[in-house]
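Work through the exercises below with the model open beside the text, and try each task before reading its solution.

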Amino acid sequence: HITALPDKLILPINLTIKAVSVFVGCVCSLRGQRGWLRGIAVGLAFTCLSGLLFGLVGGGFAFTWLLIVEILFGAVIGALSGMFAVNLR
């Protein structure tokens, strides 16, 4: 209501914020081998926890196609971020 963003911009902004969060989480916490697997775990955990938290705050939780897309997006971004994070050092 404050910024009057069009509805079509909310999803890309939301996914961008989640991608940056998963990336930062992977870079800060992952070391060693199998970065892609650990990154998937970080991406899935963050996406599921944030979905649950926002569902509780928003007053309802619905299992929709959008939730499935966000979970898959979190897993893919987590895998890519994990691969980057373990090769960064």
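**Exercise 1. Describe how H2 packs against H3.**

Begin with the geometry: the axes of H2 and H3 come within 6 Å and cross at roughly 140°, where axes are lines fitted to C-alpha atoms, for helices over the stretch in contact, and angles run from 0 to 180 degrees between N-to-C directions. H2 and H3 are therefore oblique to each other, since angles under 35 degrees count as roughly parallel, over 145 as roughly antiparallel, 65 to 115 as roughly perpendicular and the rest as oblique. Then list the contact, meaning heavy atoms within 4.5 Å: from H2 come Gly35, Trp36, Gly39, Ile40, Gly43, Leu44, Thr47 and Cys48, and they meet Glu70, Ile71, Gly74, Ala75, Gly78, Ala79, Gly82, Met83 and Val86 of H3. Sorted by class, this contact of H2 with H3 holds nine nonpolar, seven polar and one charged residues (Ala, Val, Leu, Ile, Met, Phe, Trp, Tyr, Cys and Pro count as nonpolar, Asp, Glu, Lys and Arg as charged, and the others, Gly among them, as polar).

The model is predicted, so that local features need pLDDT of at least 70 and side-chain atom pairs count only at pLDDT 80 or more, whereas totals for chains, interfaces and linings use all residues. Residues are numbered from 1 along each chain as its sequence is written, and side-chain values use heavy atoms, with hydrogens and water left out.

**Exercise 2. At what angle does H1 pack against H3, and at what angle against H2?**

For H1 and H3 the angle is about 35°, with the axes 8 Å apart, and H1 passes H3 in a right-handed crossing. The residues of this contact divide into 13 nonpolar, five polar and two charged.

For H1 and H2 the angle is about 135°, with the axes 10 Å apart, which makes H1 oblique to H2. The crossing of H1 and H2 is also right-handed. Here Lys18, Ser21, Val22 and Cys26 of H1 meet Gly39, Val42, Gly43, Phe46 and Ser50 of H2, a contact made up of four nonpolar, four polar and one charged residues.

**Exercise 3. Which residues are the closest to the centre of the largest pocket?**

The largest pocket has a volume of about 260 Å³. On a 1 Å grid over the protein atoms alone, a pocket is an open set of points where a 1.4 Å probe fits, with protein on both sides within 12 Å along at least five of seven lines, and lining residues have an atom within 4 Å of a point; grid points are joined across faces, edges and corners, and a volume is the space filled by probe spheres set on the points. Of the 14 lining residues, the closest to the centre are Ala62, Thr64, Leu66, Leu67 and Glu70. H2 gives the most to the lining, with four residues. By class, the lining has seven nonpolar, six polar and one charged residues.

Methods:
Helix = DSSP H or I, 4+ residues; strand = E, 2+ residues; numbered from the N terminus. Left-handed = near helix turned anticlockwise from the far one by under 90°.
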